[in-house]
Amino acid sequence: MIISVENLVKKYDGYTALDGLTFTVEHGDIFGFLGPNGAGKTTTIRILTAIIKADSGNVLIDGHDIFGEPLTVKKIINALPESNGYYEWMTGREYLQFFSNLYEEKTSGQEIYNLLGVVGLHDKEGHLIRSYSRGMKQRLGIARALINRPKLLFLDEPTNGLDPKGRRDIHDLLIGLNQKHGTTIFLSTHLLDDVERLCNRIAIINYGKIVRVGDLDRMKEKGTIEDIFFLSTKEGTL
Amino acid sequence: MKATYIMQKEIRESILTPKGFLWYILTSVILSVMSYLFLTNNELSLLDQGQMLYMIMNFITALGVLMGLVFGADAFAGEIERGTLEALFLSPVNKVEIATGKIGAALTNWGIIFAISLPYLFVVGKGGQNLLIGIVYLAFLGTFLAITFSAFSMGLSARIKSMKNSLIISFFIFLLAGAPIFLSAAQRRTWFGRILDLINPFADVINTFDSVVIDSQGFGYQVARVAIICGYLVLSVWFLKRSVSRLEM
Amino acid sequence: MKRSILFLSMIFLATAANYASASAGRITVSINPPSVQANMGDKITYAGTVTNNSDRAIDNIIAYISLANITPGKEAPLDLEDWSANKAIKVDTIPPHGTYEGQWPMRLIDSGSYVAYITVVDKNDNMPVSSPMSRLEIKRLLRLNPNNVLPVAIGEPVALGMVFMLVAFRRRKRVK
């Protein structure tokens with residue numbers, strides 16, 4: 001198990017964002033994390049990436065307690081948040097170099113160059129980020145999330161705003177990462193096409209609770225992913 | 001050390017930029033005008049040399065404090081608003097290290113202002129007896145004040161998470177700190193004025209400059225004020241550490 | 001009746017006049033030097049001598065210096081705040097036929113034509129007594145580059161501008 005979440009609770013000013021969330025993710029999964037807006041997806045990712053603390057519950061990432069060893073966990077994970085800002089005055093290369101410097105194991109100049117190639121930004125490495133399109137920025141964000149060769153990668157709506165080609169490129173990249181490098185991917189999205197193409201396991205969250213979790217193929221025996229999603233998140237359904 | 005990389009990033013983002021340089025060029029122009037007028041204007045040129053030095057030291061300190069406050073207000077609130085803080089928090093850097101890097105950049109900014117002011121201080125204070133000791137006091141107390149106000153402003157920035165509100169409160173603090181200057185000489189001699197003077201770190205610094213540069217008084221006379229300034233320094237750093245430790249997106 | 005009133009009035013006026021002239025004669029004040037020519041920024045000292053011409057001691061008098069600007073077009077009394085620290089002196093006592101020497105140092109702040117005089121006030125009298133006026137001519141000094149301020153005042157902003165341009169140019173070269 002690379003992620004073990006048990007009874008996670010998080011409240012904001014009396015509003016319960018996560019209400020006893022419990023699930024696990026295995027090594028090598030591309031794990032889809034679905035839910036309607038406001039279900040608690042981003043809050044979950046923020047807790048699992050040690051950006052915020054939970055009110056109660058346990059989270060183990062690759063055997064490490066996220067609340068007790070946040071810096072240790074951050075060395076083996078990385079994430080692309082939904083609204084990721086960039087230092088637009090930097091070039092793509094400078095941006096990756098900066099983040100590489102924040103890890104003990106630094107990434108060499110050549111490795112950064114290769115990474116930019118992996119995300120298709122070779123010819124943009126010396127350009128200022130402010131000149132990048134939305135899709136390029138998204139790819140740069142993924143490159144940043146891969147800078148430390150993470151065992152576990154969290155992606156929050158990674159294909160948002162991308163054109164079909166952009167989406168396909170990201171899909172291929174993620175599949176390649178998972179199959180060639182064994183990277184576990186935790187994918188939060190409400191684009192069901194992305195889920196169908198990429199994920200082997202999914203969980204559906206609604207009102208801060210897991211309403212369904214399991215292998216995607218097995219779930220699809222009972223209906224389309226769309227039907228499962230709508231049934232699971234119907235008003236009043238838990 | 002990771003704080004060094006954060007500091008380098010901050011310096012490149014805020015100091016080595018057209019806007020950053022504009023501040024420094026403007027500072028230099030104002031100091032040029034002040035020095036030139038002090039030394040050539042009919043009436044100003046007859047001010048005591050110590051008086052001229054004192055006035056320039058006050059201006060530089062006030063500028064250092066103001067820029068520290070602005071720097072601090074952007075430190076965390078600005079990054080949150082630009083969406084860049086989350087990526088930083090994802091890295092294995094603890095929040096205190098991030099704050100340390102940002103303070104380092106604020107100090108670098110003060111260091112540049114101090115370096116810019118040195119030629120003017122030498123030119124205006126040339127031949128005067130308290131020039132070197134004045135510069136030493138400016139270096140130390142200016143640094144303490146720069147850290148104090150930057151740290152406080154950064155702590156506010158981390159708590160309020162809004163650049164605009166941070167900036168407004170920081171300017172208000174700046175006005176409060178400068179309040180003794182707005183009191184008349186008679187008001188400053190009242191018990192209220194004396195207390196305000198003593199507990200205000202900015203007033204403590206400028207009164208120390210007055211005592212050292214104009215009245216040629218030794219360190220013994222400055223101990224109480226310097227102690228208060230150091231107290232504020234410790235308090236503001238503690239406030240920053242606490243604010244940043246609790247900072248969540 | 002009318003004659004009596006007239007006679008009494010004449011006695012009263014004569015007494016008052018005598019009293020004024022007697023008190024004017026009781027104290028005399030002089031100022032030295034009688035005239036000064038100096039430059040702006042110079043420090044000079046006026047010496048004032050207060051003489052008690054009477055047979056009785058004079059107690060608790062105040063002596064102060066005044067300056068008036070008589071430059072054509074700028075005639076006005078002067079506020080001596082920036083010029084002198086020692087404007088009024090209280091003299092405890094001057095013995096009969098004795099003198100008091102006072103000093104009034106001052107820094108010459110502005111150019112122009114002035115007159116200086118010392119005035120003595122005795123609360124027992126009804127008129128102050130002043131010295132003759134001492135003429136004071138202050139020449140203006142034009143200093144274009146004292147302490148070598150110009151190289152710094154012009155040079156530093158220019159140098160900073162050049163550093164900025166160098167940094168911007170190097171960055172532009174590195175960045176596409």
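Predicted model: local features only at pLDDT ≥ 70, side-chain atom pairs only at ≥ 80, totals over all residues.
Chain A contains an open sheet of 6 strands, arranged in the order S6-S7-S8-S3-S9-S10 with mixed pairing. Helix H5 (residues 134-145) of chain A lies across S6 and strand S7 (152-156) of chain A, and the helix runs at about 170° to S6(A).

Strand S9 (residues 201-206) of chain A pairs in the parallel sense with strand S3 (residues 30-34) of chain A, over 4 bridges. In this pairing, Gly32(A) stands opposite Ile202(A) of S9(A), and Leu34(A) is placed opposite Ile204(A). The pairing of S9(A) with S10(A) is antiparallel and comprises 6 bridges. Here Ala203(A) stands opposite Val213(A) in S10(A). The two strands S9(A) and S10(A) form a hairpin with 2 residues between them, and Tyr207(A), in the turn, has a positive phi of about 50°.

In a regular strand, side chains alternate between the two faces of the sheet. In S9(A), Arg201(A), Ala203(A) and Ile205(A) point one way, whereas Ile202(A), Ile204(A) and Asn206(A) point the other way. Residues of both sets are buried. Because 6 of the 6 residues of S9(A) are buried, this strand is largely enclosed by the rest of the structure.

A packed helix pair is described by the angle and the distance between the two axes. In chain A, the axes of helix H3 (residues 92-101) and helix H4 (residues 109-118) come within 10 Å and cross at roughly 120°. H3(A) is therefore oblique to H4(A), and the crossing of H3(A) past H4(A) is right-handed. On the side of H3(A), the contact is made by Gly92(A), Arg93(A), Leu96(A), Gln97(A) and Ser100(A); H4(A) contributes Ile112(A), Leu115(A) and Leu116(A).

Chain C is divided into domain 1, spanning 26-142, and domain 2, spanning 144-176. The C-alpha centres of domain 1 of chain C and domain 2 of chain C lie 52 Å apart.

Technical notes
Residues numbered from 1 in each chain as written. Chains lettered and ligands numbered in written order. Domains from an automatic or database assignment. Pairing = 2+ DSSP bridges. Contact = placed C-beta atoms within 7 Å. Axes fitted to C-alpha atoms, helices over the stretch in contact; angles between N-to-C directions. Buried ≥ 20, exposed ≤ 12 C-beta atoms within 10 Å, placed from the backbone. Parallel < 35°, antiparallel > 145°, perpendicular 65-115°, else oblique. Left-handed = near helix turned anticlockwise from the far one by under 90°.
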